[in-house]
Amino acid sequence: MCIKVPKVHGEKAIISAKKLKIVNRELEIQRDKDFIYIPLVRQPDIKEIEILKEQIPDCEVSAYTFPERKKKITTFVELLEDKLPPHLLAGLPRAIDFVGDIAIAEIPPELDVYKNVIGETILKTHKNVQTVLAKAGAISGTYRIRKFNIIAGEHKTETVHKEYDCKYYVDIAKVYFSPRLSYEHNRVASLVQEGETVVDLFAGVGPFAILIAKTHENVKVYAVDMNPHAIEFLKKNVRLNRVMEKVHPILGNARKVVKERLSGVADRVIMNLPEKAIDFVDVACEAMKPTGGIVHFYSFVDASSTLEDAKLRFVDAVEKSGRSVNKILFSRFVRATAPYEWQAVLDTKIY
Ligand SMILES: C[S@@+](CC[C@H](N)C(=O)[O-])C[C@H]1O[C@@H](n2cnc3c(N)ncnc32)[C@H](O)[C@@H]1O
């Protein structure tokens, strides 16, 4: 059973048939030179035929033998086509973040009433996902965390995330973690040389520190964070990844920790606190060995500033701290963080 329509009316016919919920999604729509054939789950009733004819006068219901559909419906957008008004489909989150077995979606306000349907559909289409969270605000505060609403699945925000052969316990309601930084974690780790001492000033649950330790025989990494939950998870992650000899978690404000314990020790300093790193450039300089070393400096860049501005600000801050920038070795946009806002990184050599 199918609806047969001239090709020119194909799209209109598909939309109308979908609205009537008579399309058989197990079968593939067929086309020949002049017509398209839309597979149906049943014979439309008189009222439905009237509606179709109103839209597309030259459509007809006829018999047709369809081959089996090759591709199963897998995307959650496809599954939601029947459950959401068509004009709202465009607002569906396209990018879902996955942290361990938790999926995180950004649900726009106009889809809020559908959030549980969306959550259940994400669960259905992603077999490894146990919980679906909706972002409920921006990342904020000293600890750089955000609120979430649980919209489907298990009521939890804690999970184990895998990244580059490392495992991380993380509770995303209590600590910062972004799977979108995985490439950056690996990029920085791969630049570290054997024998280095690294100071990770804003370490979170340890994705730079632990990967560096895991991939090097002879390194010492001091991993500092002032969020007690982050340091608790970091300590667990150090044990989980068996890098106890190489990673040293320290709870505290980076400024105070460096002054009291890490002055002049570092060959490399990681400063992944984009909104505030500029205020800690003097701290990075103090942690650096007197002979100098590498700083990975993170910053936000928006439409009104450029990567060049970020470089100038960094160079100025280093000079004010009594050191000099020998070279900006590398710079790039790490990721978009908001409309017209990007996280950028500068790899710099200071002495
Ligand atoms: C953007 S997160 C980065 C975490 C980690 N580097 C990563 O890539 O996932 C910044 C971290 O800095 C910590 N933080 C903020 N201010 C700090 C300070 N003054 N001293 C130490 N840690 C701080 C926050 O608690 C947060 O965990």
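Which domains does the domain assignment of the protein chain give? The chain has domain 1 (2-62), domain 2 (76-156) and domain 3 (176-350), with bounds from an automatic or database domain assignment. This is a predicted model, in which local features need pLDDT of at least 70 and side-chain atom pairs count only at pLDDT 80 or more, while totals for chains, interfaces and linings use all residues. Residues are numbered from 1 along each chain as its sequence is written, and side-chain values use heavy atoms, leaving out hydrogens and water.

**View A. Domain 1 meets domain 2.** The centres of these two domains, taken over C-alpha atoms, are 32 Å apart. Four residues from domain 1 and four residues from domain 2 make the contact (heavy atoms within 4.5 Å). About 330 Å² is buried between domain 1 and domain 2, and carbon and sulfur atoms give 33% of it; buried area is the accessible area (1.4 Å probe) that two parts lose on being put together, summed over both.

View C. Around the ligand are 20 residues, the closest being H185, F202, D225, A254 and N272 (a heavy atom within 4 Å). A polar side-chain atom of D225 lies 2.7 Å from a ligand oxygen atom, and one of H185 lies 3.0 Å from a ligand oxygen atom.

Conventions:
A polar contact is a pair of N or O atoms within 3.5 Å; within protein, one must be able to donate a hydrogen and the other to accept it, and residues adjacent in sequence count only if both atoms are side-chain atoms.
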